[in-house]
Amino acid sequence: MRDRMERGRRRRTKAGLLGVLMSMLVLPVNAAEPPALARARTLYNSSDYDGAILAATEARRQVPGADAAALVLGRAHLERYRQRADVADLASAREALAAVRPAALSPRDRVDLLVGLGQSLFLGEAFGAAAELFDTALAQASLLSPKGRLLLLDWWASALAREAQTRPLERRAPVYQRIAVRMEKELRRDAGNPAASYWLAVAARGAGDFDRAWDAAVAGWVRASLSPETSSSVRTDLDRLVTQALIPERARMQAATGLDQQKIASTLIEEWDLIKQQWK
């Protein structure tokens with residue numbers, strides 16, 4: 001069941017929890033930039049990645065802003081790769097990002113470069129390395145919008161969760177514990193953080209603490225009302241986690257003590273449905 005859940009998570013990469021907010025980190029447009037670069041950023045932010053690639057390619061030929069244009073070009077190729085799964089886009093993204101000189105970028109663009117490098121590693125299935133880059137970017141996330149920071153946090157947790165799945169079962173718990181510690185801090189900082197609500201439950205389950213995972217999922221369901229913009233999305237993800245993973249796993253665990261697994265599962269389903277009804 002756990003492996004099926006993870007495969008399902010992979011199939012919907014970035015489409016669930018925070019998809020209601022944005023599919024990518026917005027690249028800020030600076031009025032002082034060359035027109036081709038400003039146009040490339042605008043097209044990227046409007047999800048016109050074909051147009052952004054053409055405009056950024058043109059902007060790279062201009063000395064002012066050439067490195068920022070390479071950054072936009074790389075990020076646009078990454079987003080197009082996510083849409084089309086064409087490996088040529090991933091290769092082009094790596095080439096463009098590798099050519100960027102960080103010293104020529106603004107502080108905000110340097111954060112976007114870290115994110116782009118992390119995404120290129122993630123999409124190339126180097127999940128642990130991607131998490132390290134996302135972690136570095138999170139240390140400078142004050143330069144991002146609140147929504148951008150949420151999405152970056154989700155990328156970081158997704159990368160670690162995927163890294164955990166590449167390890168033997170006995171070596172996964174420390175990775176999930178790392179996620180849990182950060183999400184606990186995030187929730188103390190912002191009780192309505194939707195990424196933290198979801199990932200705390202996932203991390204507890206991944207570490208084998210199904211009871212805490214259940215409590216975190218219930219708390220996350222109730223806490224979702226604190227962030228109306230994402231409440232529906234996070235509750236959908238939590239419901240999937242509980243019904244497809246936690247209930248079968250808790251029932252199986254309790255059945256090992258001699259109890260009837262099917263009856264336990266039915267009781268847990270009723271309990272979860274009651275919680276959802278009480279906290280619509």
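This is a predicted model: local features need pLDDT of at least 70, side-chain atom pairs count only at pLDDT 80 or more; totals for chains, interfaces and linings use all residues.
Me: At what angle do helix α7 and helix α8 pack, and how far apart are their axes?
Reply: An angle between helices is taken between their N-to-C directions. Here α7, which covers residues 127-138, packs against α8, residues 146-165, at an angle of about 155°, and the two axes lie 8 Å apart.

Me: Why are α7 and α8 described as roughly antiparallel?
Reply: Angles over 145 degrees count as roughly antiparallel; the pair packs at about 155°, and therefore α7 and α8 are roughly antiparallel to each other. Their crossing is left-handed.

Me: Which residues of α7 and α8 meet?
Reply: From α7 the residues include Phe127, Ala130, Ala131, Phe134 and Leu138, and among those they meet in α8 are Leu152, Leu153, Trp155, Trp156 and Arg162. Sorted by class, this contact has 12 nonpolar, one polar and four charged residues.

Me: At what angle do helix α11 and helix α12 pack?
Reply: Helix α11 (residues 210-223) packs with helix α12 (residues 231-255) at an angle of about 155°, with the axes 10 Å apart. That angle makes α11 roughly antiparallel to α12, and the crossing of α11 with α12 is left-handed.

Me: Which residues make the contact between α11 and α12, and how is it divided by class?
Reply: On the α11 side the contact includes Phe210, Asp211, Trp214, Gly220 and Trp221, while α12 contributes residues including Arg235, Leu238, Val242, Ile247, Glu249 and Met253. By class, the contact has 11 nonpolar, one polar and five charged residues.

Definitions and conventions:
Residues are numbered from 1 along each chain as its sequence is written. Side-chain values use heavy atoms; hydrogens and water are left out. Axes are lines fitted to C-alpha atoms, for helices over the stretch in contact, and angles run from 0 to 180 degrees between N-to-C directions. Helices (H or I, at least four residues) and strands (E, at least two) are DSSP runs, numbered from the N terminus. Angles under 35 degrees count as roughly parallel, over 145 as roughly antiparallel, 65 to 115 as roughly perpendicular and the rest as oblique. A crossing is left-handed if the near helix is turned anticlockwise from the far one by less than a right angle, and right-handed if clockwise. Contact means heavy atoms within 4.5 Å. Ala, Val, Leu, Ile, Met, Phe, Trp, Tyr, Cys and Pro count as nonpolar, Asp, Glu, Lys and Arg as charged, and the others, Gly among them, as polar.
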